[in-house]
Amino acid sequence: MAGIEAIGADQCEAVWPLSVEAGWNQNVADWRFMLGAGRAFGCRAADGRWEASSLVLPLGDRLAWISMVLVSKARRRCGLGSSLLKRCIAEVQESGAVAGLDATEQGRPIYLPLGFHDLYGISRWHFDGAKGAPSDHGLRSLTSSDLPAVIAYDCALSGMKRPALLRHLAGRQPKAAWVAEAGGRLKGFVMAREGRTASSIGPVVADDQATGLALIAKAALSLPGPFIIDVPGAHAEITGWLQRQGAVSPRGYVRMTLGSAPGLDDPSHLFALAGPELG
């Protein structure tokens with residue numbers, strides 16, 4: 001087996017089988033964006049196939065997201081994942097940024113000894129569709145002319161700087177991209193993307209939980225299911241609505257950082273994540 005090497009943006013189809021084998025929802029379009037916008041590292045087998053991957057996705061100058069640490073079944077339990085994780089951490093620290101990630105229950109005990117600390121819990125929900133129309137909240141379709149305001153709004157409330165990601169997501173499922181307005185002022189937005197097995201709703205950023213819920217419901221009514229959505233545990237109103245739709249939450253995450261990232265620890269305006277792979 002060769003050593004750790006960079007995964008180029010042209011490798012999206014070649015590396016995608018790793019996430020398929022793991023049962024994850026990413027498709028080739030997700031990999032194409034992540035490899036183009038981030039810095040990825042992996043290892044190949046003797047025949048050239050990718051046996052492992054990892055990703056660092058910059059979210060501004062001061063924060064970078066670590067994700068997609070995947071190892072094929074044949075190469076697990078040999079320290080390859082840990083080596084790639086440490087390579088990503090070094091990459092982030094060399095850039096002077098803080099590393100963030102969303103840890104599974106199995107991953108969190110690995111990250112804690114490395115210095116990561118908890119920010120808040122997240123539940124992943126699976127549901128087939130929404131029942132009934134959302135309350136109005138001044139909802140309308142998001143257009144390209146809205147993006148500068150949406151990017152500025154997101155930066156102010158999410159603790160992340162992710163203009164490239166938002167521009168990308170706005171074009172993935174335009175029918176499910178909505179904004180909420182009041183008096184000509186932006187008060188929330190939702191985006192979505194198709195995945196390998198389900199459409200993913202998020203991010204959802206809004207002034208308040210009622211607006212966030214209206215945006216989530218509108219997105220779910222705009223596309224055929226099934227859906228997945230990652231919701232911070234603090235949002236009881238949205239959790240209750242999801243349960244009434246018949247949603248189930250088989251697993252969760254903990255948002256963690258290695259160092260301090262001001263604003264990222266407060267999910268009061270973040271009602272759904274873009275996904276654990278995207279921040």
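Predicted model: local features only at pLDDT ≥ 70, side-chain atom pairs only at ≥ 80, totals over all residues.

Q: Which residues of helix H6 (residues 163–170) are buried?

A: Buried means under 20% relative accessible area. In H6, that holds for Leu 165, Leu 166, Leu 169 and Ala 170. These residues lie on the same side of H6, because they cover an arc of only 130° around the axis.

Q: Now the nonpolar core. Which residues of the largest nonpolar core touch the most other members?

A: A nonpolar core is a set of buried residues joined through side-chain atoms. The largest one here has 44 residues. Trp 31, Leu 63, Leu 142, Val 150, Phe 189 and Met 191 touch the most other members.

Q: Which elements give two or more residues to this core?

A: Helix H1 (12–21), H2, strand S3 (50–58), strand S4 (63–71), S6, H5, H6 and S9 do. H2 provides the largest share, five residues.

Q: What is Trp 31 in contact with, leaving aside its neighbours within four places in sequence?

A: Its partners are Cys 12, Val 15, Trp 16, Ser 19, Gln 26, Ser 53, Met 68 and Leu 70. There is also a second, separate core of 29 residues. Among its members are Ile 201, Leu 215, Ile 216 and Val 231.

Q: How do I read strand pairing? Which strands does S6 join?

A: S6 (residues 117–127) and strand S12 (residues 248–258) run antiparallel, with eight bridges between them. In that pairing, Ile 122 stands opposite Tyr 253. S6 also runs antiparallel to strand S11 (residues 227–232), joined by six bridges. There, Phe 127 has Phe 227 as its bridge partner.

Q: And the side chains along a strand?

A: Here is the general idea. In a regular strand, side chains alternate between the two faces of the sheet.

Q: Which element gives the most to the lining of the largest pocket?

A: S4 does, with six residues. The elements that give two or more are S4, helix H3 (80–94), strand S5 (98–103), helix H4 (108–111) and S12.

Conventions. Residues numbered from 1 in each chain as written. Heavy atoms only, no water. Pairing = 2+ DSSP bridges. Helix = DSSP H or I, 4+ residues; strand = E, 2+ residues; numbered from the N terminus. Buried < 20%, exposed > 50% of the residue type's maximum accessible area, 1.4 Å probe, protein only. Arc of directions from axis to C-beta. Core = buried A, V, L, I, M, F, W, Y, C linked by side-chain atoms within 4.5 Å. Contact = heavy atoms within 4.5 Å.
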